[in-house]
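This briefing goes through one protein model, topic by topic. The sequence and structure come first, and the notes follow.

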Amino acid sequence: MIELLEHPLSPYAQKVKIALDEKGVAYQVRMPEAIGSGQMSDAFRLANPRGEVPVLFVDQQAIFDSTIILEFIEDRFPEPALLPASPADRARVRMIEELCDTHYEAITWGLSEIANFRRATGEQAETMQGHAREELARLHAWLEGQLGDRPWFNGDAFGWGDLCVAPFIAGAIGFGMPPGPGPLSDWFRRAADRPSVAASLQAAKASLAAMAGVAQIVEAGLFKRQYRDHRLEWMIRAGGLSVVQDGLAKDNIRFNSAPRG
Ligand SMILES: N[C@@H](CCC(=O)N[C@@H](CS)C(=O)NCC(=O)O)C(=O)O
C-alpha cells in the first residue's frame, strides 16, 4: 500500500492527496511524530533530509518534495493525465505551481505564524497582516490573468494547474483574505466542489482544532518552527525582523542544515 507522510494543513501534502485522488490511487496517510518540533526521528530524516512533509513511500522508495512527488505520480500512474498535453501549457502550469509554492505559501505561512503561533501582536501584527493582504491581492490578480477565459488553470479539464493553486487559496480564505468576487473566486468554488479537493479541505478543517494552544507550546520552547527560503524573506520584508530575532533568542525557530552523510 502506498503511504503518504503528511500534515492535513500542509498545502504541499494537499497537492499530492488531490493528485492521488484524481487518479483513483489508493493510499494511506500518516503524520510524522512531533512534526514542527524540530525533533525528527531517524526514520523521518532518512526519508527526507529536509524533515518536511509530504513524503511518499511507494515501491520500496521514499520520495520527498511535492513537485517531485507529482512528477512521479504522473509517470507511474499516467491515467488520467494531470499535466496538459502541450509543452507550452505544461510549462505554464509548472510556473503557476512554482509561484504558489514559493511566494503564495510564504504569505499564508506568515499569517499562521501571527494568528496561530502569536509571533506578532498589536500594531506589528496589523502591519504584517496589511502587507499580506496587499501581496495576496497582487497574486490573486496575477492568477486571474493566468486563468484568462479558461474554465480551469489546466485548460479545458481540471488538472495539475488547479491542484497546485486550490490548497493555497483555501489557506488565504482561512485567514480571511479570499480573492475578491470574479473569475478566480468562481474557479475556486468549482474546484472546491470536486471530491478530491473537498476531501483535502475537509481534512485540513478537521485538524484546525489541534492548532488551539500551539502558541503556548512555542513559548514553552517545545516547538521549533522552520524558518526557510521564501518564508524567511516574507517575515523580514513584511516587518517581522524582530520576530526572527526573538525566535533566535528564545530558540524556538530553526533553519534546515545540510543532511548527515
Ligand atoms: N518544497 C517542499 C516544501 C514542504 C514543506 O515546507 N513542508 C512543511 C509543511 S507545509 C514541513 O513539513 N515543515 C516541517 C516542519 O515545520 O517541521 C515541498 O514542496 O514538498
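How many bridges join strand β1 to strand β3, and do the two run parallel or antiparallel? Three bridges join β1 (residues 2-5) to β3 (residues 55-58), and the strands run antiparallel. The model is predicted.

**Sheet**

- β1 and β3 belong to an open sheet of four strands, ordered β2-β1-β3-β4, and the pairing in this sheet is mixed.
- The edges are held by β2 (27-30) and β4; each has a single partner strand, so one side of each is left without a neighbour in the sheet.
- Direction ignored, neighbouring strands of this sheet are turned by 20° against each other on average.
- In the pairing of β1 with β3, L5 stands opposite V55 of β3.
- On its other pairing, β3 is joined to β4 (residues 61-64) by four bridges, and these two strands run antiparallel.
- β3 and β4 form a hairpin with two residues between them. In the turn, D59 has a positive phi of about 50°.
- As a general point, side chains in a regular strand alternate between the two faces of the sheet.

**Helix across the sheet**

- Helix α3 (residues 66-76) lies across β3 and β4.
- The direction of α3 is at about 125° to that of β4.

**Nonpolar core**

- The largest nonpolar core has 58 residues. Those with the most contacts inside this core are V16, A19, I107, C164, V165, A166 and I169.
- Helix α4 (residues 87-115) gives the largest share of this core, with eight residues.
- Leaving out residues up to four places away in sequence, C164 touches K15, V93, I96, E97 and C100.

**Ligand shell**

- The ligand is surrounded by 14 residues, of which the closest are S10, Y12, E52, S66 and Q226.
- By residue class, the shell around the ligand divides into four nonpolar, seven polar and three charged residues.

**Cis peptide bonds**

- The peptide bond from V53 to P54 is cis, with omega near 5°. P54 lies in the loop between α2 (42-47) and β3.
- The peptide bond from E79 to P80 is also cis, with omega near -15°. P80 is in the loop between α3 and α4.

- D229, which is not a glycine, has a positive phi near 45°. This residue is found in helix α11 (residues 229-237).
- Is D229 buried, partly exposed or exposed? D229 counts as partly exposed because there are 14 C-beta neighbours inside 10 Å.
- D251 is not a glycine either, and has a positive phi of about 60°. D251 is in the loop between α12 (241-250) and β6 (253-254).
- D251 has 10 C-beta neighbours inside 10 Å and therefore counts as exposed; the limit for exposed is 12 or fewer.

Definitions and conventions: Residues are numbered from 1 along each chain as its sequence is written. This is a predicted model: local features need pLDDT of at least 70, side-chain atom pairs count only at pLDDT 80 or more; totals for chains, interfaces and linings use all residues. A residue is near a molecule or strand if its C-beta atom, placed from the backbone, lies within 6 Å of it. Ala, Val, Leu, Ile, Met, Phe, Trp, Tyr, Cys and Pro count as nonpolar, Asp, Glu, Lys and Arg as charged, and the others, Gly among them, as polar. Two strands pair if DSSP finds at least two bridges between them. Axes are lines fitted to C-alpha atoms, for helices over the stretch in contact, and angles run from 0 to 180 degrees between N-to-C directions. Two residues are in contact if their C-beta atoms, placed from the backbone, lie within 7 Å. A nonpolar core is a set of buried Ala, Val, Leu, Ile, Met, Phe, Trp, Tyr and Cys residues joined through C-beta atoms within 7 Å. A residue is buried if 20 or more other C-beta atoms lie within 10 Å of its own, exposed if 12 or fewer, and partly exposed in between; C-beta atoms are placed from the backbone.
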